[in-house]
Amino acid sequence: MNFTRPTPDPYGFSFDNSYSKLPDVLFTRANPKSFKNPSLAVFNKSLARSLDLNSDELEADNWASFAGRSIPETAYPIAQAYAGHQFGGFANLGDGRAVLLGEHITFNQDRVDIQLKGAGPTPYSRSGDGLAASGPMLREYLMSEAMYALGVPTTRSLAVMLTGETVYRAEPLEGAVLTRVAASHIRVGTFQYAASIKQPKVLKALADYTISRHFPAFVTHLNPYISLLKAVIDNQAKLIAKWMQIGFIHGVMNTDNMSVFGETIDYGPCAFMNTYNPKTVFSSIDQQGRYAFGNQPMIGEWNLTRFAESLLPLLNENQPEAIRIAGECLDEYQHTFRNNWLAAMRKKIGIFNAEPSDLSLVEDLLMLMYKHQADYTSTFIYLLNPSQLNEQLIDDGAFKNWSAKWRERLSRQAQTMQEVQSLMLSHNPLVIPRNHLVEQVLDHASQGNMQPFHDFLKVLLSPYTPPEDEKYMLAPDLKEDARYRTFCGT
Ligand code: AMP
Ligand code: MG
């Protein structure tokens with residue numbers, strides 16, 4: 001993408017607004033709401049620095065400009081239009097409670113979206129108030145930063161600001177604005193929207209924009225749109241493989257919540273699985289378990305099929321041929337997902353090279369975890385130290401057989417046990433944002449005590465390092481976790 005970096009403002013913001021140069025059906029101008037008494041709940045200094053922002057000024061100024069008191073000079077705030085399949089049903093949506101300030105350009109010419117979530121109504125708000133409560137915004141901050149530290153592509157969180165105003169949900173809540181940083185907010189649903197309005201020029205403009213912003217090398221390809229489809233499929237397959245590796249459940253994998261660049265986006269009712277069970281669902285609105293842990297790879301493919309459908313007119317003028325091409329590209333999804341998932345699972349059990357029997361070795365272990373309701377995260381950690389494993393699991397003869405097979409498999413590779421151990425330790429996090437701990441720190445935050453949030457965040461930022469306090473590693477009570485429910489927080 002060609003541009004010159006605009007002169008930074010006193011906060012270091014250097015906005016370019018390339019999205020707002022797209023056809024105007026794709027967005028609407030929308031100013032963030034002005035709040036009278038904003039205060040910072042949490043600010044991400046290291047992220048600010050990595051984006052070449054003046055973190056001290058931003059922090060000292062309470063991030064007040066982001067409360068809409070004074071929009072940064074070079075910003076051009078918009079709400080983006082998009083559609084999406086929500087739980088399988090198509091709807092026109094758009095940013096109903098988010099405003100894109102612009103694309104900040106770093107010294108290295110990296111381009112990131114700076115978005116305010118919960119900054120008041122936009123033309124897409126429908127009956128919503130455009131606002132957000134502090135609990136869900138702090139939750140997104142914690143979860144997205146934890147995902148980043150776990151090495152999963154994700155949007156980041158720069159700040160949560162309390163608005164000083166009340167948000168009315170089932171009960172009155174403290175209002176907040178999350179400042180979100182993303183490679184872009186172009187969603188599968190953005191393409192669905194562009195395809196649904198049946199203006200070929202708009203779809204082409206969006207596709208060309210996405211290519212020039214995220215995949216500039218494709219410009220010279222014979223058909224850049226086929227390359228775009230392949231890349232989006234590839235990124236998404238790899239992303240979901242990472243989720244599956246760490247036990248992450250997105251919770252609301254609607255097509256509007258799927259980024260074409262392949263970042264985890266829209267942290268609503270997400271949660272980490274404790275006890276291994278592919279049917280695990282925590283979201284209160286996911287009654288049928290559509291977005292259960294084990295369904296995620298399949299839903300990813302379903303969503304990408306909707307993406308491919310949107311792109312059809314660009315893949316080939318002849319529709320049957322376009323459908324054939326799309327099908328061929330989509331066929332790659334399963335391979336990419338399986339290969340990436342298996343490669344990661346091998347590392348989780350200390351295997352360096354590939355053998356055909358590895359898949360069943362991994363699947364047999366998962367089956368045993370399921371049978372004995374073993375904790376997903378800690379089972380991998382304790383494989384080399386079995387006395388700490390779930391008692392029922394150790395007592396099961398089938399597990400003893402599995403262990404013997406596994407040890408034999410390890411002995412067939414050239415690496416020493418020390419190397420095996422370090423591979424396992426670098427691929428099995430000791431700390432994840434476990435549900436009960438997330439709730440505890442949010443509870444304290446709602447009473448004005450942010451210290452437990454900061455303590456937990458610090459531990460989550462080094463997930464492979466043993467925490468000083470063992471409580472961060474402990475699995476919750478099984479019964480309580482089974483009752484745990486998450487909410488969209490809208
Ligand atoms: P989400 O479940 O957060 O992905 O949101 C789905 C859709 O509902 C998006 O178009 C949001 O912008 C919109 N939405 C969610 N919460 C609100 C709100 N409080 N006010 C207006 N729109 C909202
Ligand atoms: Mg969303």
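Biologist: What makes phenylalanine 87 count as partly exposed?

Modeller: This is a predicted model, to start with. Phenylalanine 87 has 31% relative accessibility. Buried means under 20% and exposed means over 50%. The value lies in between, so phenylalanine 87 is partly exposed.

Biologist: Why is tyrosine 291 called buried?

Modeller: Its relative accessible area is 1%. The cut-off for buried is under 20%, so tyrosine 291 is buried.

Biologist: How many aromatic pairs does the ring rule give?

Modeller: The count is 19. Phenylalanine 87 and tyrosine 291 are a pair, with ring centres 4.9 Å apart. The limit is 6.5 Å, so they pair.

Biologist: Why is the pair of phenylalanine 87 and tyrosine 291 called tilted?

Modeller: Their planes stand at 45°. Stacked needs under 30 degrees and edge-to-face needs over 60.

Biologist: Where in the chain do phenylalanine 87 and tyrosine 291 lie?

Modeller: Phenylalanine 87 is in the loop between strand 5 (83–86) and strand 6 (89–92). Tyrosine 291 is in the loop between strand 12 (271–272) and helix 7 (296–315). They are 204 residues apart, and the pair links distant parts of the chain.

Biologist: Why is the pair of tryptophan 243 and phenylalanine 248 edge-to-face?

Modeller: The planes of tryptophan 243 and phenylalanine 248 are at 65°. That is over 60, so the pair is edge-to-face. The ring centres are 5.3 Å apart. Both residues are buried. With Tyr267 and Phe272, they form one aromatic cluster.

Biologist: What lies over the face of tyrosine 148?

Modeller: Arginine 156 does, at 3.4 Å from the ring centre. Lysine 348 lies over the face of phenylalanine 380, at 4.5 Å from that ring centre.

Biologist: Are asparagine 257 and aspartate 266 buried or exposed?

Modeller: Buried. Asparagine 257 has 13% relative accessibility, and aspartate 266 has 12%. The cut-off is under 20%, so each label holds.

Biologist: Why does asparagine 274 count as buried?

Modeller: Its relative accessibility is 2%, against a cut-off of under 20%, so asparagine 274 is buried. The residue sits in the loop between strand 12 and helix 7.

Biologist: What does the side chain of asparagine 274 contact?

Modeller: It makes a polar contact with the side chain of arginine 434, at 2.6 Å. The limit is 3.5 Å, so the distance passes.

Terms used:
Residues numbered from 1 in each chain as written. Chains lettered and ligands numbered in written order. Predicted model: local features only at pLDDT ≥ 70, side-chain atom pairs only at ≥ 80, totals over all residues. Heavy atoms only, no water. Phe/Tyr/Trp six-rings, centres within 6.5 Å; stacked < 30°, edge-to-face > 60°. Helix = DSSP H or I, 4+ residues; strand = E, 2+ residues; numbered from the N terminus. Buried < 20%, exposed > 50% of the residue type's maximum accessible area, 1.4 Å probe, protein only. Lys NZ or Arg CZ within 6 Å of the ring centre and 35° of its normal. Polar contact = N/O pair within 3.5 Å; in protein donor to acceptor, adjacent residues only side chain to side chain.
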